[in-house]
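Here's a walk through one model, from a single loop residue out to the sheet and the helices. Have the sequence and the 3D view open as you read.

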Amino acid sequence: MEYRIATISGDGIGPEIVTEAKKVLDRVGTVYGHTFHYEEVLMGGISIDTYGVPLTEEALETARNSDSVLLGAVGGNVGNSRWYDVAPNLRPEAGLLAIRKGLNLFANIRPAYLYDGLADACPLKKEIIGDGFDMVIVRELTGGLYFGERRTEEVNGVMQATDTLVYSENEIRRVAVKAFDIAMKRKKKVTSVDKANVLDSSRLWRKVVAEVAKDYPEVTVENMLVDNCAMQLVMNPGQFDVILTENMFGDILSDEASMITGSIGMLSSASLNEGKFGLYEPSHGSAPDIAGKGIANPIATILSAAMMLRFSFDLDKEADAIENAVRKVLADGYRTVDIMAEGMTKVGTAEMGNLICERI
């Protein structure tokens, strides 16, 4: 089979980690008889430097006409005046919001899994970790506070900023269906996270989730307030299977979940539309402080490529091959600097990619 992938290397360490993900995909293609065609798309700071905007219409159209999108990272240090002393819609991260909206990528899927070999890197106590944890956070991605009307104005001589949080029942229902579908393939448990004791949008969220749950009688559903969920993630992460939540809550909780795995450099993510199309990216940022040093951890991007094989191309066997190769490399004691531990062998970005390829 042949597949067309739009690649967005982006900024910082993005080009380095995307290179390794493409290397691994090509190895999969050689072993399993597939061909992957890549077309590079500019987005983020590099697009601002080249075109003056974080995402052009031409770049969006190229992504839209591909079979999927593989993204590295965008942005730089917030203090970088070249990219940040401008209007919010012209900053690097605005490209992410624009491509998610433009491609109708309304569901963000972010696994948080503790590898056996990285248990010592987890900041939680061993008695809390127990037998480990394996959860998926399903975050609504194109609605809520990040996409609502916003303005900053002077009112009675005082500057005032307003951000609007809006959700429709259709937006809630479609992401809830995604979460329940994923739960059916896992442990059949959904924890819906909201702030229904305060927000009208959360009360609607809870109502619609309850309606969707009726179509999934095998799935156990619980409602949890977001502040309690934040505490439970560090008190008993093993209780979670699928966490379903809105945009801003998901942004915060998924980062928290990623850190208790030991390194954000290990975590993949997918952003999906109503069909098979998706954008796949690591959960970490562009890490400009280590860009070009050859020490960045490419595993999150490589695992994101595995998610692409599974969700967009229905290549489950090939996705398993990548995930198993990552486990073998870790079991063999190889580590990039962010997950390095005593007795392990430290390797760089390219060598980690090579080691994973060798095990496919």
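Does Asn156 count as buried or exposed? At 79% relative accessibility, Asn156 counts as exposed; the labels here are buried for under 20% relative accessible area, exposed for over 50%, and partly exposed in between, with a 1.4 Å probe and protein chains only.

## Ground rules

This is a predicted model, so to speak of local features takes pLDDT of at least 70, side-chain atom pairs count only at pLDDT 80 or more, and totals for chains, interfaces and linings use all residues. Residues are numbered from 1 along each chain as its sequence is written, and side-chain values use heavy atoms, with hydrogens and water left out.

Helices (H or I, at least four residues) and strands (E, at least two) are DSSP runs, numbered from the N terminus.

You'll find Lys188 in the loop between α7 (169-184) and β8, and with a relative accessible area of 26% it is partly exposed.

Now look at Ser47, in helix α2 (residues 45-51). Ser47 has 0% relative accessibility and so counts as buried. Leaving aside residues up to four places away in sequence, Ser47 touches Leu42, Gly52, Val53, Pro54, Leu55 and Thr56, where contact means heavy atoms within 4.5 Å.

## The sheet

The model has an open sheet of 10 strands with mixed pairing, in the order β2-β1-β3-β12-β11-β4-β5-β10-β8-β9. Two strands pair if DSSP finds at least two bridges between them. At the edges are β2 (35-40) and β9, each pairing on one side only. Direction ignored, neighbouring strands of this sheet are turned by 25° against each other on average. Helix α8 (residues 200-213) packs on the sheet and touches β5, β8, β9 and β10, and its direction makes about 165° with that of β8. Angles run from 0 to 180 degrees between N-to-C directions, and axes are lines fitted to C-alpha atoms, for helices over the stretch in contact.

Now some individual pairings. Strand β1 (residues 2-10) runs parallel to β2, joined by 6 bridges, and Tyr3 has Phe36 as its bridge partner in β2. Strand β4 (residues 107-113) and β5 run antiparallel, with 7 bridges between them; there, Asn108 is partnered by Arg139 of β5. β5 also pairs with strand β10 (residues 242-245) in the parallel sense, over 4 bridges, and Val136 has Val242 as its partner in β10. Further along, β8 and strand β9 (residues 220-225) pair in the parallel sense over 6 bridges, with Met224 of β9 as the partner of Val193.

How covered are these strands? In strand β5 (residues 134-140), 6 of the 7 residues are buried, so β5 is largely enclosed by the rest of the structure. Strand β8 (residues 189-194) is mostly covered too, with 5 of its 6 residues buried.

## Helix packing

Start with helix α1 (residues 14-32) and helix α12 (residues 316-331), whose axes come within 11 Å and cross at roughly 125°. That makes α1 oblique to α12; angles under 35 degrees count as roughly parallel, over 145 as roughly antiparallel, 65 to 115 as roughly perpendicular and the rest as oblique. Val24, Val28 and Tyr32 of α1 meet Lys317, Glu318, Ala321 and Ile322 of α12.

α1 also packs against helix α13 (residues 349-358): their axes come within 9 Å and cross at roughly 15°, so the two are roughly parallel to each other. Here Glu16, Glu20, Lys23, Val24 and Arg27 in α1 meet Thr349, Ala350, Gly353, Asn354, Ile356 and Cys357 in α13. Finally, helix α9 (residues 226-235) and helix α10 (residues 247-259) pack at an angle of about 10°, with their axes 10 Å apart, which makes α9 roughly parallel to α10. Val226, Cys229, Ala230, Leu233 and Val234 of α9 make this contact with Phe249, Leu253 and Glu256 of α10.
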